[in-house]
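Okay, thanks everyone, I'll keep this short. Let me put the structure up and then walk you through the bits I think are worth a look.

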Amino acid sequence: MTEGLTDQDAQSASAEREEFSTGSRGPSERDSPQNAPVSPQDGDPDVSRETAAAGGYRVRTAAELAEFAEVIADDETPLARATEHTLMARQQSQARPPLPRPASTRVMVVANQKGGVGKTTSTVNIAAGLAQLGQRVLVVDLDPQGNASTALSVEHFQGTPGTYELLVDGTALNDVVQQCPELDQVQVVPATIDLAGAEIELVSVVAREGRLKKALLGSGRVGDESLGENRWDYVLVDCPPSLGLLTLNALVAGAEMLIPIQAEYYALEGLGQLLKTVDMVRAHLNPELAVSTILITMYDARTRLAAGVAEEVRGHFGDQVLRTYIPRSVRVSEAPSYGQTVMTYDPGSPGALSYLEAAREIARKGTNA
Ligand SMILES: Nc1ncnc2c1ncn2[C@@H]1O[C@H](COP(=O)(O)OP(=O)(O)OP(=O)(O)O)[C@@H](O)[C@H]1O
Ligand SMILES: [Mg+2]
């Protein structure tokens with residue numbers, strides 16, 4: 001069955017499964033002597049001495065395995081599938097060469113009016129992944145909950161200048177942007193609870209749906225290469241779980257949409273309404289808008305349901321669906337409480353590696369690298 005799968009790999013994957021299911025192991029426990037890497041040469045706990053020495057071992061990438069999801073035979077146990085998916089995410093974690101910057105800034109709107117599907121988690125982790133691949137990234141927190149601001153550890157107490165001032169008062173973007181302390185190449189427009197009133201306050205504002213677009217273009221940092229080193233390569237906009245004026249501002253400002261879809265039973269419910277909104281915006285406000293990217297999140301390889309949902313999503317959206325699925329992982333959900341993305345909190349974890357792979361796929365799509 002699984003090519004190159006050894007007992008040690010299976011043990012390591014089994015430990016990872018425990019982490020998924022209980023979340024009881026903290027980082028210190030993980031680093032304790034009894035959990036020390038078994039491979040003394042390179043410190044990688046997931047490559048056994050024999051397989052490394054034989055030189056024939058090759059860990060599948062998350063993207064490869066995602067493609068394989070349908071091929072994983074029906075007669076395999078859920079445990080075997082979980083092992084395989086853990087291995088897929090255990091790809092090389094060493095530094096990767098930077099990817100070329102896109103010809104002009106890619107403004108990507110992360111939206112799905114369904115709540116809790118992984119919009120914010122995907123926004124901040126893909127931003128971190130893109131930064132690790134050498135890209136300059138701006139994250140715009142368009143959700144009054146301010147979860148992206150929390151995860152990226154920027155100030156967002158009430159009164160902090162942020163998206164509200166940008167949209168309602170017309171404050172310049174460069175006056176509200178903050179540096180993410182954990183990630184050199186990531187900057188953030190924070191959201192405070194003040195933004196909760198913006199949906200209503202914007203109603204009486206002139207050209208209310210074009211405020212974000214105007215702010216981005218007015219920054220002098222969104223556009224083509226002539227803007228120089230300071231130019232943002234990506235702007236990721238984290239939308240609230242609704243299709244109101246805030247999300248509309250994002251859909252008018254961006255050319256691309258990234259829709260995270262949770263691999264669960266009701267995954268596709270409500271998507272029709274979202275796509276209708278996209279059509280409406282394309283027809284009347286922003287002809288450039290396209291759903292460029294679908295990302296399957298919280299994928300639990302132990303269940304047939306997740307594989308079934310992923311297949312259905314792929315049937316609907318085809319190549320727009322990234323080959324990398326994001327696994328359900330306790331590490332991913334823990335990271336924000338430390339003011340971090342999982343990319344810095346536990347860079348070798350399956351969640352972090354999968355988000356890095358997803359970021360790479362996104363970057364490649366834009367530059368044909
Ligand atoms: N891959 C994952 N594994 C485990 N938990 C996850 C994963 N992705 C997201 N979560 C958790 O699921 C919850 C919802 O995620 P998130 O906040 O990113 O969704 P959202 O779509 O932004 O939600 P909202 O609609 O409220 O803005 C959070 O508690 C988050 O930590
Ligand atoms: Mg959110």
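Before anything else, a word on how I sort residues: Ala, Val, Leu, Ile, Met, Phe, Trp, Tyr, Cys and Pro count as nonpolar, Asp, Glu, Lys and Arg count as charged, and the others, Gly among them, go down as polar. With that sorting, the shell around ligand 1 splits into six nonpolar, eight polar and three charged residues. And please keep in mind that what you're looking at is a predicted model.

So, let's stay with the ligand. Which residues come nearest to ligand 1? Out of the 17 around ligand 1, they are K119, T120, T121, P327 and S329. In terms of secondary structure, α6, which runs 119-132, and α14 each give at least two residues to that shell. The largest share comes from α6, with three residues.

Now the polar side of things. The side chain of T120 has an N or O atom 2.8 Å from an oxygen atom of ligand 1. D143 also puts a polar side-chain atom by a ligand oxygen, at 3.4 Å. How much of the ligand does the protein bury? On its own, ligand 1 exposes 630 Å², and 80% of that is buried by the protein.

Okay, aromatics. If you describe a pair of rings, you want the distance of the centres and the angle of the planes. I pair rings whose centres lie within 6.5 Å, and call the planes edge-to-face over 60 degrees, stacked under 30, and tilted for the rest. That gives three aromatic pairs here. Take Y265 and Y266: the ring centres are 5.0 Å apart and the planes sit at 70°, so this one is edge-to-face. As for solvent, Y265 is exposed at 62% relative accessibility, while Y266 is partly exposed at 46%.

Then there's Y299 with Y325, a tilted pair, 4.8 Å centre to centre with 55° between the planes. Where do these two sit? Y299 is in the loop between β7 (290-297) and α13 (304-317), and Y325 is in the loop between α13 and α14 (330-334), so the pair ties together parts 26 residues apart in sequence. Both of these tyrosines, Y299 and Y325, are buried.

While we're on rings, have a look at W232: the charged end of R221 sits over its ring, 4.0 Å from the centre.

Next, backbone. Most residues other than glycine have a negative phi. S153 isn't a glycine, yet has a positive phi of about 60°. You'll find S153 in the loop between α7 (147-151) and α8 (163-169), and it's partly exposed, at 35% relative accessible area. A207 is another non-glycine with a positive phi, near 45°. A207 is in the loop between α9 (198-201) and α10, partly exposed at 48%.

And one last stop, in helix α10, residues 211-218, where you'll find L216. Is L216 buried or exposed? Buried, with a relative accessible area of 2%. L216 and L166 are 50 residues apart in sequence, and their C-alphas are 9.8 Å apart in space.

That's my tour, so over to you.

Definitions and conventions
Residues are numbered from 1 along each chain as its sequence is written. Chains are lettered from A and ligands numbered from 1 in the order in which they are written. Side-chain values use heavy atoms; hydrogens and water are left out. Rings of Phe, Tyr and Trp (its six-membered ring) pair if their centres lie within 6.5 Å; planes under 30 degrees apart count as stacked, over 60 as edge-to-face and the rest as tilted. Buried means under 20% relative accessible area, exposed over 50%, partly exposed in between (1.4 Å probe, protein chains only). Helices (H or I, at least four residues) and strands (E, at least two) are DSSP runs, numbered from the N terminus. A charge sits over a ring if NZ of Lys or CZ of Arg is within 6 Å of the ring centre and within 35 degrees of the ring normal. A residue is near a molecule or strand if one of its heavy atoms lies within 4 Å of it. A polar contact is a pair of N or O atoms within 3.5 Å; within protein, one must be able to donate a hydrogen and the other to accept it, and residues adjacent in sequence count only if both atoms are side-chain atoms. Accessible areas come from the Shrake-Rupley method with a 1.4 Å probe; for residues, only the protein chains shown count as cover.
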